[in-house]
Amino acid sequence: LRLETHQRIGGLRDQATHSKNEKTRLISSRAFDGIWAQAIESGQRELEQRHFEQAEAYFDLMRQVTDRPWPALLLAETHATAGRKKQAIRDLQEAVKRGLKDAEVLQSDPRLQGLKDDPEFQKIVTNLKGK
């Protein structure tokens, strides 16, 4: 089911980006953006309820179908809250590779406060401040 969902959402994204028909591009773009928002919001609700596996599933799916940094950041929040610090750091590194530029986002995020003494977290923040 996850693979089929990934393929269908990815197909929709591809239509939104590459369709030669402008109407198809617009409709596909609106549909993709709606699915994106719904999945992110659903993942955030699951995270708030401390349903880490469900939150991770939503955020990971959105990470796979786009190159935006936010799903990786939300995965970092999920993993940090669940106590999986090493995975959270890897997620933050991925978020930066995907375009996250604001160190303040990381420093002010309450879900990431448990990482602030980690040398790798500090390195990420320092590198972002240097850009």
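**Figure 1. Helices make up the secondary structure of this chain, with seven helices and zero strands.** The model shown here is predicted. Follow the chain along its sequence and you will read the pattern α-α-α-α-α-α-α.

**Figure 2. The C-alpha atoms of the chain fill a box of roughly 50 × 35 × 20 Å.** These dimensions are taken along the principal axes. Within the chain, 38% of the 131 residues count as buried. Looking at contacts between residues at least 6 apart in sequence, 52% join residues that are at least 24 apart.

**Figure 3. The surface and charges of the chain, side by side.** The accessible surface comes to about 8100 Å², and carbon and sulfur atoms account for 48% of that area. As for charge, you can look for 23 positive and 20 negative side chains. The centres of these two sets lie 4 Å apart.

Figure 4. For background, most residues other than glycine have a negative phi. Is Arg50 buried or exposed? Arg50 has a relative accessible area of 52%, and exposed means over 50%, so Arg50 counts as exposed.

Definitions and conventions
Residues numbered from 1 in each chain as written. Predicted model: local features only at pLDDT ≥ 70, side-chain atom pairs only at ≥ 80, totals over all residues. Heavy atoms only, no water. Helix = DSSP H or I, 4+ residues; strand = E, 2+ residues; numbered from the N terminus. Buried < 20%, exposed > 50% of the residue type's maximum accessible area, 1.4 Å probe, protein only. Contact = heavy atoms within 4.5 Å. Areas by Shrake-Rupley, 256 points an atom, 1.4 Å probe, with all protein chains shown as cover. Lys, Arg positive; Asp, Glu negative; His and termini not counted. Charge placed at Lys NZ, Arg CZ, Asp CG, Glu CD.
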